[in-house]
Amino acid sequence: MKRIIVPTDFSPAANHAVRYAIQVARKTGCSVLFFHSVYSPRNDPALIRKFPTEYQKLRSQATEKLKKNILAQYKKLKKSQKAKVVIV
């Protein structure tokens, strides 16, 4: 196994999956990709023209929430295990 992909919606169940994926990655040495989807009006130019600021704001908020959530889960597990988490 080279990579674990973990989808998240920031729910308690998703947070559990995040912690579990980090633990598995530490034991196996594989990388973890965390994924959160936000609707993209990329294919709808009318929506982009009408709401460009709102879309960018929602996207930024989701990205920050994902970063905070993943780092919080990582810190809970960091005490006894070593691992590297990179969020792009």
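Biologist: Which residues touch the most other members of the largest nonpolar core?

Modeller: This is a predicted model. Its largest nonpolar core has 13 residues. Those that touch the most other members are Ile4, Val6, Val18, Ile22, Phe34, Leu66 and Ile70.

Biologist: Which element gives the most residues to this core?

Modeller: The elements that give two or more residues to the core are strand 1, helix 1 (12-28) and helix 3 (52-78). The one that gives the most, with 5 residues, is helix 1.

Biologist: In what pattern do the helices and strands follow one another along the sequence?

Modeller: The protein chain has 3 helices and 2 strands. Read along the sequence, their pattern is β-α-β-α-α.

Biologist: What span does helix 1 reach from its first C-alpha to its last?

Modeller: Helix 1 has 17 residues, and 24 Å is expected at 1.5 Å a residue. The span in the model is close to that, at 25 Å.

Biologist: Which residue with a positive phi follows helix 1?

Modeller: The phi in question is near 80°. The residue that follows helix 1 with this phi is Gly29.

Biologist: Is Asn15 buried or exposed?

Modeller: Asn15 lies in helix 1. Not counting residues up to four places away in sequence, Asn15 touches Phe10, Asn69 and Gln73. Its relative accessibility is 14%, and the cut-off for buried is under 20%, so Asn15 counts as buried.

Biologist: Which residues does Ala14 contact, leaving aside neighbours within four places in sequence?

Modeller: Ala14 also has its place in helix 1. At 8% relative accessibility, Ala14 counts as buried. With those neighbours left aside, the residues in contact with Ala14 are Thr8 and Asp9.

Biologist: Which other residues of helix 1 are buried?

Modeller: Ala14 and Asn15 are both among the buried residues of helix 1.

Biologist: Are Glu64 and Lys67 buried, exposed or partly exposed?

Modeller: Buried means under 20% relative accessible area and exposed means over 50%, with partly exposed in between. Glu64 has a relative accessible area of 39%, so Glu64 falls in between. Lys67 has 27%, so Lys67 is likewise partly exposed.

Biologist: Which residues make the nonpolar surface patch of about 300 Å²?

Modeller: One member, Ile5, lies in strand 1 (residues 3-7). Ile5 has a relative accessible area of 56%, so Ile5 is exposed. In soluble globular proteins, nonpolar side chains tend to be buried together. The residues of the patch are Ile5, Leu33 and Phe35.

Biologist: What percentage of contacts between residues at least 6 apart in sequence join residues at least 24 apart?

Modeller: The protein chain has 88 residues, and buried residues make up 25% of them. Among contacts between residues at least 6 apart, the share that joins residues at least 24 apart is 66%.

Conventions: Residues numbered from 1 in each chain as written. Predicted model: local features only at pLDDT ≥ 70, side-chain atom pairs only at ≥ 80, totals over all residues. Heavy atoms only, no water. Helix = DSSP H or I, 4+ residues; strand = E, 2+ residues; numbered from the N terminus. Buried < 20%, exposed > 50% of the residue type's maximum accessible area, 1.4 Å probe, protein only. Contact = heavy atoms within 4.5 Å. Patch = residues over 30% accessible without salt bridge, like charges linked within 9 Å, V, L, I, M, F, W, Y side chains within 5 Å. Areas by Shrake-Rupley, 256 points an atom, 1.4 Å probe, with all protein chains shown as cover. Salt bridge = Lys/Arg side-chain N within 4 Å of Asp/Glu carboxyl O. Core = buried A, V, L, I, M, F, W, Y, C linked by side-chain atoms within 4.5 Å. Expected span 1.5 Å × (residues − 1).
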